[in-house]
Amino acid sequence: MKKFWLVLLALFLGLSCKAWAHFQLLIPSNDIVTVNDGRRIELFLNFTHPMEGGPNMEMVRPEAFGVFVKGKKYDLLNSLQKIKLPIYPNWHPEAAKEKGTATAWKAIYKLRRPGDHIFYVVPKPYFEPSEEKFILQITKVVVNAFGAEEGWDSPVGLKAEIIPLTRPYGLWEGNTFQGLVLINGKPAPNLEVEVEYYNKDGRAHAPKDPFVTQVIKTDENGVFTYTVPWAGWWGFSALGDGGILKKDGKTYPVELDAVIWIKAYLLPKGVK
Ligand SMILES: [Cu+2]
């Protein structure tokens, strides 16, 4: 009941989200880079509600941002550039009412060698007043460079991490994706995994609320399975337990999530 009133208050003050599934976005401008594409990619980092298009939430400078290539981590924190996004994109019905902005980040990266590049971000814990908890979503995305398909299944060694069991690029819509969830390095059985489509241009409409976020669970080995229904970027967020954190003399639970983004491509013309 306390939560209900807090939600109502938060909605009234316009301070927080009426939507529940927060997602850390880490989206590259290209996920399969060939020599013809050039070396330069751009990464986009935003803390939002991807299927609903917003509200975009304030994202402070992350704790860590980097890339893992051939068994080594490279710190890219200094390459982050702050950007401002409207709270809602212009296709969203709330856009006319809500004029504020939220901080997001982008980074340019120059690919230097062939192989899989695992980009990762460790955000600062985000305090969500309507849920009275912190949310920490450690997120990764794999970019394949110049033909060498090696490294996508290597653990980066993050506190919360999804190890893809399906190669996380070169996927068609309708392909099934599997991932192993590790929380503090250990497989996490029976964990809820939220799945959302990055509805960038607002083309996907959810007829009813349960369609916004798909919900699956990991099995006894910490593995989840999901069949991607249509093309685009899809985010998977495994909801783990990250202990507690203090704020203003009070302690709050930390939701420690492992997030991964994958892109599914349209089926080729001429097949059904
Ligand atoms: Cu939110």
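Author: The side chain of Asn-46 makes a polar contact with the side chain of Asn-56, at 3.0 Å. A polar contact is a pair of N or O atoms within 3.5 Å; within protein, one must be able to donate a hydrogen and the other to accept it, and residues adjacent in sequence count only if both atoms are side-chain atoms. This is a predicted model: local features need pLDDT of at least 70, side-chain atom pairs count only at pLDDT 80 or more, and totals for chains, interfaces and linings use all residues. Residues are numbered from 1 along each chain as its sequence is written, and side-chain values use heavy atoms, with hydrogens and water left out.

Asn-46 sits in strand E3. Strands (E, at least two residues) and helices (H or I, at least four) are DSSP runs, numbered from the N terminus. Asn-46 counts as buried because its relative accessibility is 4%. Buried means under 20% relative accessible area, exposed over 50%, and partly exposed in between, with a 1.4 Å probe and protein chains only. Among the residues that Asn-46 touches are Phe-23, Leu-25, Asn-56 and Met-57, not counting residues up to four places away in sequence. Contact means heavy atoms within 4.5 Å.

Now follow the chain past E3. His-49 lies in the loop between strand E3 (40-48) and strand E4 (64-69). His-49 is buried too, at a relative accessible area of 0%. His-49 and Ala-21 are 28 residues apart in sequence, yet 6.2 Å apart in space, C-alpha to C-alpha. 

Next, strand E13. E13 runs antiparallel to strand E11 (residues 160-164), joined by 5 bridges. Two strands pair if DSSP finds at least two bridges between them. Leu-180 in E13 is the bridge partner of Ile-163. Strand E17 (residues 223-227) is also antiparallel to E13, again with 5 bridges. There, Gly-179 has Phe-224 as its bridge partner. E13 and E14 form a hairpin with 2 residues between them, and Asn-184 in the turn has a positive phi of about 50 degrees.

Phe-224 leads on to the core. The largest nonpolar core has 41 residues, and Ile-162, Val-181, Phe-224, Trp-234 and Phe-236 touch the most other members. A nonpolar core is a set of buried Ala, Val, Leu, Ile, Met, Phe, Trp, Tyr and Cys residues joined through side-chain atoms within 4.5 Å. E11, E13 and E17 are among the elements that give two or more residues to this core. The largest share, 7 residues, comes from E19. A second, separate core of 37 residues includes Ala-21 and Ile-41. In soluble globular proteins, nonpolar side chains tend to be buried together.

Last, the rings. The whole structure holds 15 aromatic pairs. Rings of Phe, Tyr and Trp (its six-membered ring) pair if their centres lie within 6.5 Å; planes under 30 degrees apart count as stacked, over 60 as edge-to-face and the rest as tilted. Phe-224 and Phe-236 are stacked, 5.4 Å centre to centre with 20 degrees between the planes. Phe-224 lies in strand E17 and Phe-236 in strand E18, so the pair ties together parts that are 12 residues apart in sequence.
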